[in-house]
Amino acid sequence: RICTLLLVPPVVLIYFQPDFGTALMVAISWIGIVFLSGVRWRHLLALPVLGAAAAPVIWFRLEDYMRDRVLTFLLPGYDPSGASYNIQQALISIGSGGWLGKGFGQGTQSQLEFLRVRHTDFIFSVLAEELGFVGASLTVVLFAVIVLRLLRIARLARDDSGRLIAAGVATMILAQTVTNLGM
């Protein structure tokens, strides 16, 4: 209960920046830490219920562009000429990379600026276009190695604080990786 009370103020303040994505990542990291700390299952099952109850309130408090991003993430074909333009360009970028890519700094989708936010949300698309399937796969494998090493560190930690910090960092990296690769 106390840790939930400690979570709410930072998440609310981050959300009002407005930075919904970071607020969501902080909440997901908290869920991972709470899960790994040994909280009872019935307490964890209350989270989806609370989330479903809060979803309409949160949804109508989101800015229009935030709602568009959520809808585009959930339904990639939502608006091909507008909100999901970058998703379509990212798919073209990834597909055009082939097996070995076009070479570092040689990707047409990124260099000709078809991908508008290539340096943040769609950086993996640029990487896949320039380094190809091999480079993109190696990147995913390296992230998996980092997360697995952090989980091993958490398992071998001598105290609960060290275990939870390592597991929290692993959860945060995993959540960010899945989100950014899912874009």
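Three helices, H1 (2-15), H2 (20-36) and H3 (41-61), each put at least two residues into the lining of the largest pocket. Helices here are DSSP runs (H or I, at least four residues), numbered from the N terminus. Bear in mind that this is a predicted model: local features need pLDDT of at least 70, side-chain atom pairs count only at pLDDT 80 or more, and totals for chains, interfaces and linings use all residues. Residues are numbered from 1 along each chain as its sequence is written, and side-chain values use heavy atoms, with hydrogens and water left out.

**The largest pocket**

- The volume comes out at about 1200 Å³, taken as the space filled by probe spheres set on grid points that are joined across faces, edges and corners.
- A pocket is an open set of points on a 1 Å grid over the protein atoms alone, where a 1.4 Å probe fits, with protein on both sides within 12 Å along at least five of seven lines; lining residues have an atom within 4 Å of a point.
- There are 34 lining residues, and Leu7, Ala27, Leu47, Leu50 and Gly51 sit nearest the centre.
- H3 is the top contributor to this lining, with 14 residues.
- By type, the lining splits into 29 nonpolar, three polar and two charged residues. Nonpolar covers Ala, Val, Leu, Ile, Met, Phe, Trp, Tyr, Cys and Pro; charged covers Asp, Glu, Lys and Arg; the others, Gly among them, count as polar.

**Salt bridges within a helix**

- The structure has three salt bridges, each a side-chain nitrogen of Lys or Arg within 4 Å of a carboxyl oxygen of Asp or Glu.
- Asp64 pairs with Arg67, with 3.3 Å between the closest N and O atoms. The two are three residues apart in helix H4 (residues 64-74), so about one helical turn separates them.
- Asp64 is exposed, at 55% relative accessible area (exposed is over 50%, buried under 20%, partly exposed in between, with a 1.4 Å probe and protein chains only).
- Asp160 and Arg163 form another salt bridge, again with the closest N and O atoms 3.3 Å apart. They are three residues apart in helix H8 (residues 160-182), so about one helical turn lies between them. Arg163 is partly exposed, at 25%.

- Lys102 and Glu129 meet through their side chains at 3.4 Å, N to O. Lys102 is in the loop between helix H5 (85-96) and helix H6 (108-111) and Glu129 is in helix H7 (residues 123-156), so the pair ties together parts 27 residues apart in sequence.
- Lys102 is partly exposed, at 32% relative accessible area, while Glu129 is buried, at 0%.
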